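Have a look at it first, then we'll go through a sheet and some helices.

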Amino acid sequence: MAALAEHAASRLADALGPAKVSTDLLDRIAYSCDASLYQLVPEIVVRAESIADVIELFAWSRRERIPLTFRAAGTSLSGQAVTNHALVVLRGFDCLHIPSNGQAVRAGCTLRGGYVNGRLRSYHRRIGPDPASIDACTIGGIVANNASGMCCGIAQNAYHTLVAMRLVLPSGTVLDTSDLEAADQLLAEREPAVYAGLCALRDQVRGDAELARIIRHRTRLKNTMGYSIAAFLDFERPADILQHLLVGSEGTLGFIADVTLRTIDEPPHATTALLGYRSLHDACAAVDAFDAEGAVAIELMDQATLAAIALHAGGRAFAPLPRTAALLVEFRYDDAEQSAAMSSRVTTLAQKTAATSLTLAASDRERHLLWQLRKGAMPSVGAARPPETALINEDVAFPRQHLAAAVHDLRSLLLEFCFSDAVIFGHARDGNMHFAFALDAAEHSIERYGRFMDEVAALVVERYDGSLKAEHSTGRNMAPYLERQWGERATALMWQLKELLDPDRLLNRDVLLSRDQRIHLRNIKQLPSVHHSIDRCIECGFCERACPSVA
Ligand SMILES: Cc1cc2nc3c(=O)[nH]c(=O)nc-3n(C[C@H](O)[C@H](O)[C@H](O)COP(=O)(O)OP(=O)(O)OC[C@H]3O[C@@H](n4cnc5c(N)ncnc54)[C@H](O)[C@@H]3O)c2cc1C
Ligand code: SF4
């Protein structure tokens with residue numbers, strides 16, 4: 001480790017206390033991965049436990065010219081929670097307040113999403129964002145990635161359910177938007193340049209009809225590429241624009257201490273069914289029928305996904321698993337009668353859509369098991385991959401009317417680039433597909449991956465007018481494709497925004513925005529074979545919350 005970083009670390013230890021700062025190699029290696037395909041060893045690992053710590057860190061970063069990256073649960077999939085500079089491990093932002101009716105929740109950034117939902121359960125409510133990783137990941141990570149999942153769609157994501165935020169700007173200014181008028185006034189007084197800059201960008205966007213059209217068009221589908229620049233159209237006050245820009249900003253614009261989110265009704269009765277289809281095409285074609293009946297989730301699984309699930313988690317299935325293609329659908333109701341009526345309706349729909357098999361969950365336990373199978377898709381695929389390979393999980397969205405054709409073309413592309421072990425699954429209701437496959441760190445494999453990603457961008461953006469990251473955020477994985485997704489004007493706007501809030505580019509450098517067109521091909525994880533049980537680990541981070549070494 002460079003002597004310069006050692007000195008900077010010791011000055012930081014003087015400010016924060018030595019227990020919070022480490023340059024120990026073991027700590028640095030332990031925090032060198034998130035759940036993505038990247039590994040970067042930080043020079044310094046530091047724990048931030050309060051807003052005062054974060055303000056101190058921002059000042060230190062400016063003085064020492066050392067970039068910072070926040071890390072919450074580290075379950076990100078696009079390489080946005082790793083760095084080779086200073087990694088800030090967040091702990092102890094655990095405030096929780098639920099007003100008596102449960103219509104909203106104020107939650108600290110380090111609380112796990114699943115824990116917050118547990119506290120909302122007695123109100124039959126939950127937070128809107130519903131990533132499959134919700135029991136492991138944090139509120140801060142969910143908001144900073146604008147994560148979503150099977151039921152969330154666009155309407156229930158953090159951007160659309162945000163009520164208020166306590167945030168810290170890189171300058172150290174703390175803003176609490178729970179009183180928006182006061183927050184706006186404070187921003188104008190303390191940060192006149194930021195205030196004026198946000199007003200200017202807002203007016204620039206509103207005065208440019210073509211840019212406004214692009215923003216509306218790009219956000220019609222799930223899209224977590226780049227910043228939430230729709231905020232310039234959706235909100236008036238700079239403080240309101242700012243808090244919404246922080247949603248999905250991946251720690252590149254400021255720190256989110258806590259948020260107040262509007263909660264979502266979670267009716268207690270569910271009708272859940274697993275349907276088998278002869279082909280992926282038939283399964284995709286059936287999606288409209290279930291959507292029209294109001295399904296809250298429609299999950300698609302292809303043949304390879306079903307095979308991986310059968311191999312690794314099939315023992316937990318209580319009925320035979322479909323083999324060629326499947327949909328897992330769910331409807332929610334306030335009363336049991338409606339739910340029972342939907343069960344017979346699903347049987348009719350299964351016939352109408354030419355399903356080859358139908359398994360209706362007859363109890364909460366069976367429902368839970370069906371969801372466990374679906375949620376275990378990625379770990380199952382990860383466990384099946386060859387040793388010494390990292391698992392890549394891409395996340396695209398297509399307009400739903402093209403889903404069958406797009407998934408077919410995606411499969412052909414995967415085969416063309418010899419990713420024949422790839423699986424395709426995802427949130428069919430939103431046209432949001434994940435495809436996962438293994439990659440080793442050999443140079444020729446990385447080059448092949450690079451050429452493949454260029455073709456994916458052409459397929460998703462140019463052929464189908466879709467999104468390159470629907471819910472996992474840009475990270476370093478898609479940063480080189482940002483302009484291809486958004487075009488020149490919108491990308492320039494994002495750089496202007498970064499310049500306004502973080503002119504020295506000290507926050508999460510090379511994530512979301514990067515001038516390095518090969519950033520997605522650098523620092524690919526090396527995973528030397530250790531033991532067959534250890535080699536199966538995909539570094540998803542789910543066990544981290546119970547791990548004594550990261551307490
Ligand atoms: C098996 C598996 C399944 C997954 N399923 C889904 C899914 O269904 N949908 C989905 O959207 N994602 C999914 N993910 C990805 C990931 O879990 C989510 O994006 C999650 O929200 C990340 O939260 P985290 O707490 O792990 O954040 P981290 O990964 O630690 O950080 C995420 C980003 O936010 C920044 N950040 C964190 N906290 C703050 C803060 N307080 N202030 C400012 N910036 C901050 C970090 O710098 C980083 O850029 C999955 C991951 C895995 C491994
Ligand atoms: S041991 Fe399992 S839970 Fe823990 S990181 Fe690895 S795959 Fe995830």
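In this predicted model, seven strands line up as an open sheet, in the order E14-E11-E13-E12-E16-E17-E15. Pairing within that sheet is antiparallel. Start there, then move on to the helices.

**The sheet**
- Strand E14 (357-360) and strand E15 (390-397) sit at the edges, so to speak: each of them pairs on one side only.
- Going from one strand to the next, you'll find a twist that averages 15 degrees.

**A pair of strands up close**
- Strand E16 (residues 423-427) and strand E17 (residues 432-439) run antiparallel, and five bridges join them.
- Which residue of E17 is the bridge partner of Phe-425? Look for His-434.

**A helix on the sheet**
- Helix H14 (residues 336-352) packs on the sheet, where it touches strand E11 (269-277), strand E13 (325-333) and E14.
- The direction of H14 makes about 10 degrees with that of E11.

- Helix H13 (residues 303-313) and helix H16 (residues 377-384) have axes that come within 8 Å and cross at roughly 80 degrees.
- An angle of 65 to 115 degrees counts as roughly perpendicular, so that's how H13 and H16 lie to each other.
- On the H13 side, the contact is made by Thr-305, Ala-308, Ile-309, His-312 and Ala-313.
- H16 brings Ala-377, Ser-380, Val-381, Ala-383 and Ala-384 to that contact.
- Sorted by class, the contact of H13 with H16 has seven nonpolar residues, three polar ones and no charged ones.

Notes
Residues numbered from 1 in each chain as written. Chains lettered and ligands numbered in written order. Predicted model: local features only at pLDDT ≥ 70, side-chain atom pairs only at ≥ 80, totals over all residues. Heavy atoms only, no water. Axes fitted to C-alpha atoms, helices over the stretch in contact; angles between N-to-C directions. Helix = DSSP H or I, 4+ residues; strand = E, 2+ residues; numbered from the N terminus. Parallel < 35°, antiparallel > 145°, perpendicular 65-115°, else oblique. Contact = heavy atoms within 4.5 Å. Nonpolar A, V, L, I, M, F, W, Y, C, P; charged D, E, K, R; others polar. Pairing = 2+ DSSP bridges.
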